[in-house]
Amino acid sequence: MTTATLRSQRFKVLLAGVFSQLLCIGVARFAYTPLLPVMQQQSWIGDADGGWLAALNYAGYMLGALLAATVRSIHVKDTLYRLCLVLAVLTTAGMALTEHFWLWAGLRFLAGFSSSGAMLLASGLIMHWLIQHRQRVELGMHFAGLGLGIVLAAVAVEAMLVLSMDWQAQWWAFSVLAVGLLVPAWRWLPRPSTVVTGTSGDKTAAAKPPTHTFMRWMLAAYFCAGYGYVISATFIVTIVEREPLLAGAGNWTFALVGLAAAPAVILWDLVARRIGYLGALILAMSLQVIGIVLPAMTTNLAAVLLSAVLYGGTFLGCVSLVLTMAGRLYPASPARLMGKMTLAYGSAQIIAPALTGMLAEVTGHYNVGLWLAGGFVALGALLLAWLRRVDQTAQRLDADAKAAVYAS
């Protein structure tokens, strides 16, 4: 394979990851966020029901993430990845076919499962291909697809509202879009080969297991981060649309979240080099607190847009920093740590939307849920600040981050 051909192939492989994010995250998972207020206006669904459907979606994601972390065969992971692509299309179309709560619940659960294929399985398969072909392992472009997926969902719903399409027609339109996204996501990511060359260093890299103190406090902090993340991810469009002064700005606010999230991985990697992984994570969570609670403090449009930028620019950064820490602690098998971290992060994502939806139904607004989410993230940042001071694993990780450079 010539250098030019290899460069072209690398670009297509990375684009396959982007398209998988657009399909499984942007459509199958996050189309629900801008469509929720439309469905509430045109169907029977209430705040509590919307929260439970979101909780089931995140439960499906957690199951898929745990499965991705435990499967060792690269060929099985490839099969699961392609199954997730198909599920993303089918569950999107299924939402237009029924108004039965339990059928919706099953579809949202499977859609959540499919989103783990883009987030975790695709990243592993792309890393496998890059290592096999002696390419630099960089996943910033892949994870940028998550932010672009949010933008896609928000802009698509806004365009369909202009066309006066009802909620069912919008789900059908997303289904057609999903089919188009499936083709490059499927075809441009090659099937993995058995033999991987030039990775002996990765296989023999020594693990640096974290202390028990690090694991306990890190899991608690990541649970807090998961609680805060999911509230805005699920309800931000509904929250904005319910404010009379902000009506019509919900989808554009959600699009701004995606635009801010797209470069977040690269940005927070650079921040970590200056202040360490834990320092960057504390800063990201502190800024996220402001982004979460601003809509509960004011209905000023500029403040709400600032909230979207702060939230979008931090939530994906938190995930990428933790993924990087897992790779540092277990170079040969980062899934050993990510399985536990995903359980903490994901369990919060199941509890939080259901509780927030019920609170909103009782109070008539989402302010209590937003303050609760902001409080959890603030608590997580405090836990990390304490951990950074007292634990040797945290101090070693921060030192590693400050010394890290990209391979030339």
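This is a predicted model: local features need pLDDT of at least 70, side-chain atom pairs count only at pLDDT 80 or more; totals for chains, interfaces and linings use all residues.

Aspartate 78 has a relative accessibility of 2% and therefore counts as buried, where buried means under 20% relative accessible area, exposed means over 50%, and partly exposed lies in between, with a 1.4 Å probe and protein chains only. Residues are numbered from 1 along each chain as its sequence is written, and side-chain values use heavy atoms, with hydrogens and water left out.

Helices here are DSSP runs of H or I with at least four residues, strands are E runs of at least two, and the numbering starts from the N terminus. As a reminder, an α-helix has 3.6 residues a turn, so residues three or four places apart point the same way.

The other partner, arginine 191, meets aspartate 78 at 2.7 Å, N to O. That pair links distant parts of the chain, 113 residues apart, since arginine 191 lies in the loop between helix H7 (167-187) and helix H8 (200-204), with aspartate 78 in helix H4. Arginine 191 is exposed, its relative accessible area being 54%.

The count of salt bridges comes to three, and one of them joins arginine 242 to aspartate 47, with the closest N and O atoms 2.5 Å apart. Arginine 242 is in the loop between helix H9 (212-241) and helix H10 (250-261), and aspartate 47 is in helix H3 (residues 47-70), so this pair ties together parts that are 195 residues apart in sequence. Arginine 242, at 38% relative accessibility, counts as partly exposed, whereas aspartate 47, at 9%, counts as buried.

Now to the packing. The axes of H9 and helix H12 (residues 277-297) come within 11 Å and cross at roughly 30°; axes are lines fitted to C-alpha atoms, for helices over the stretch in contact, and angles run from 0 to 180 degrees between N-to-C directions. H9 and H12 are therefore roughly parallel to each other, given that angles under 35 degrees count as roughly parallel, over 145 as roughly antiparallel, 65 to 115 as roughly perpendicular and the rest as oblique. The contact, meaning heavy atoms within 4.5 Å, involves residues including Phe214, Met218 and Tyr229 of H9 and Leu281, Met285 and Ile292 of H12.

Helix H11 (residues 264-275) packs on H12 at an angle of about 125°, the two axes being 7 Å apart, and that makes H11 oblique to H12. Among the residues that meet there are Trp268 and Ile275 in H11 and Tyr277 and Leu287 in H12.

Lastly, how many of the 11 residues of helix H2 (residues 32-42) are buried? Nine are, and these buried residues pack against H3, helix H5 (101-132), helix H6 (140-162), H7, H9 and H10.

Methods. A salt bridge is a side-chain nitrogen of Lys or Arg within 4 Å of a carboxyl oxygen of Asp or Glu.
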